[in-house]
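Biologist: I would like to go through the aromatic contacts and hear what each label rests on.

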Amino acid sequence: MPATEVNKDLQNERKKCTFKNEEFTVWWVGGEAKLKEKRFREKFFLGEPEFFDKVPLHFVSHKEVYEESVRKATVIFRKVKQMQEQGKDGVDNYMALLGGLLGSGIIKEGNPLGVHFVMFLPALMGHGTPEQQAEWIGKAWNCEIIGTYAQTELGHGTFIRGLETTATYDEKTKEFVLNSPSLTAYKWWPGGLGHTANYCVVIAQLYSKGKCHGIHPFIVQLRDEDTHMPLPGISIGEIGNKLGMNGVNNGFLGFEQVRIPRTNMLMKNAKLLEDGTFVKPPSSVLTYGTMMFVRVVIVRDMANYLSKAVTIATRYSCVRRQSVINPDQPEVQVIDHVTQQYKLFPAIAKSIIFKLTSDNLWDMYNQVTSELDKGDLERLPELHAIACCLKAVCTADAAQAVETCRLACGGHGYMTCSNLFGTYGMVTAACTYEGENTVLLLQTARYLLKVWTQAMKGQELVPTVQYLKSFISNKNQRQAWDDSVPGIIRGLQTVAAGKLRLAYEHIEQRKRSGYTQEEAVNLTSIELSRAADAHCRAFLVQSGYEMIEKSCTTLSPELGRVIRDIYELYAYDEAVKAVGDLLRFTTLSESDVTRLQQKLEDSLAAIRPNAVGIVDSFDIPDMVLGSALGAYDGNVYERLFEEAKKSPLNQEPVNKSFHMYLKPFMKSNL
């Protein structure tokens with residue numbers, strides 16, 4: 001877009017940038033080749049006329065939102081096939097089109113085929129035998145069948161051992177009989193289940209020879225492949241309107257004496273022989289592989305959604321002028337208020353740290369998965385623990401940060417066309433799906449309790465909990481405070497270790513008082529969840545620091561300085577928020593707190609000239625942002641007015657309600 005069309009305040013901000021945007025973008029997306037692919041993909045998809053909305057979706061009905069989302073989803077994957085025919089295939093296409101950037105720019109209310117690719121296919125790959133994969137994966141990959149993943153029920157979510165759906169083996173017919181024994185046993189929430197999918201992986205309690213063998217995955221046909229009508233015994237539909245994600249088509253599902261072949265039980269791990277004999281898997285945690293994969297993806301998606309929110313709010317804050325700082329001078333850009341900087345810049349830092357940590361987690365996931373294929377389960381519990389707490393902390397922090405960005409945009413941020421409301425709806429949903437956040441923190445805490453006992457015995461610890469050895473060897477004394485980033489990492493690790501030690505001791509005290517282990521853990525669960533949260537935050541600061549320092553060896557000094565400013569702000573912000581805990585577990589003093597606050601404020605000032613340059617370098621096209629407040633040209637007020645004119649209420653000068661209700665009311669002489 002020509003510079004003359006760009007808002008002058010925004011253009012002046014871009015002139016202040018001390019680094020080359022393109023270098024940042026190359027680093028951000030993972031290299032020149034990745035950037036070339038990204039921009040080709042965006043040009044290929046965003047130029048498609050079938051993706052343009054004639055009427056903004058927030059003005060149409062719930063039913064029309066779903067129908068439009070299905071239409072766009074089919075166009076998306078037809079175009080993916082076109083890319084494949086051009087030799088431009090790859091998993092990155094699917095990641096982009098199902099994620100929080102390009103995908104959400106095309107289908108703003110969520111993709112009804114998302115769970116098919118993100119959970120149904122991975123479940124087949126993770127739980128199916130080679131024979132089952134040969135039968136199902138080709139059909140699923142080519143979308144000859146559309147699947148979903150049905151685990152959560154109306155009465156049970158995170159506690160999957162409590163699921164009520166049953167799959168009872170009939171030895172005579174060599175079939176499973178699926179039943180929903182109560183209303184609360186109905187599957188509830190799976191994306192695409194309502195009217196989109198015709199198959200699904202169902203998680204059910206396996207019964208054979210009169211005994212329950214726990215939960216296992218089964219592939220079940222739900223609808224006729226030609227007519228799409230529900231099959232006999234299948235009760236299916238959509239659960240209704242939600243805060244966000246209304247294109248996803250979340251559904252309910254009940255079974256009444258539904259029979260499936262024995263071979264439809266996915267048997268890569270556990271197996272059921274023809275005579276009904278159950279064969280245990282080598283490890284019970286293998287069942288959770290699909291969920292771990294999704295949690296890894298969620299952390300990356302939080303970074304993507306948050307990068308959209310901070311781009312919108314930062315650009316708007318440079319265009320909006322509000323209040324004066326010096327009485328004899330004009331109104332200033334909102335971004336010049338330090339309180340506004342403190343709303344925006346830590347959120348920018350979070351989006352970057354979350355993305356780098358998701359890259360780190362992705363590498364760990366791939367490494368552990370390759371070890372699993374060799375029968376090595378040693379690091380699986382570590383991956384599960386860190387994925388649980390990262391999912392919990394990153395989704396909670398992202399939701400809070402998006403809401404802070406909305407508030408930073410004042411009244412205009414409340415408008416749907418800001419796209420902050422829609423972004424918040426997508427992000428806050430992640431706080432609950434794939435494991436409710438508090439429960440996930442407690443799962444991490446359970447792992448930490450185990451490694452704490454190992455550490456006390458002097459046993460070797462895996463990398464993410466190595467710091468516990470230092471804490472124990474330090475005789476549990478308060479850590480000497482150091483406000484460098486490595487010092488802050490040690491301080492936050494000391495907080496995590498100290499909280500874990502206290503939680504462990506309080507559990508033991510309660511057990512000595514007569515409580516069972518389970519009761520003692522429940523009574524100590526507030527402390528345990530806080531210990532897990534502290535463990536995760538220390539990991540995030542450490543991961544971000546290590547990833548950025550590694551990057552700086554290949555970047556220009558100008559860009560290196562900027563991204564160091566970012567992780568320093570992130571570290572100072574986490575430390576300031578943890579001041580009470582740091583006072584408790586380290587030698588932090590009042591003067592140290594004052595110095596820490598000053599370093600935080602200095603880091604805000606350091607980022608200020610580059611704020612627009614940083615969000616520009618995220619390289620998010622306007623159509624993906626979908627925001628009247630955050631467009632590249634900064635013409636906020638013109639875009640807001642154009643959006644207002646699109647309202648159906650503005651298509652006629654007088655609405656019929658005036659003649660039907662208002663006029664009679666006004667003439668009635670009350």
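Biologist: Which residue lies over the face of Phe44?

Modeller: Lys79 does, at 4.1 Å from the ring centre. A charge sits over a ring if NZ of Lys or CZ of Arg is within 6 Å of the ring centre and within 35 degrees of the ring normal. This is a predicted model, in which local features need pLDDT of at least 70 and side-chain atom pairs count only at pLDDT 80 or more, while totals for chains, interfaces and linings use all residues. Residues are numbered from 1 along each chain as its sequence is written, and side-chain values use heavy atoms, with hydrogens and water left out.

Biologist: How many aromatic pairs does a search of the whole structure find?

Modeller: The search finds 19. Rings of Phe, Tyr and Trp (its six-membered ring) pair if their centres lie within 6.5 Å; planes under 30 degrees apart are stacked, over 60 edge-to-face, and the rest tilted.

Biologist: Why is the pair of Phe24 and Trp27 called edge-to-face?

Modeller: Their ring centres are 5.4 Å apart and their planes stand at 90°, so the pair is edge-to-face. Ring pairs also link Phe24 and Trp27 with Phe19, Trp28 and Phe618 into a cluster.

Biologist: What makes Phe40 and Phe44 a stacked pair?

Modeller: The distance is 5.8 Å centre to centre, with 20° between the planes.

Biologist: Why does Phe40 count as partly exposed, and why does Phe44 count as buried?

Modeller: Buried means under 20% relative accessible area, exposed over 50%, and partly exposed in between (1.4 Å probe, protein chains only). Phe40 has 29% relative accessibility, so Phe40 is partly exposed. Phe44 has 16%, so Phe44 is buried.
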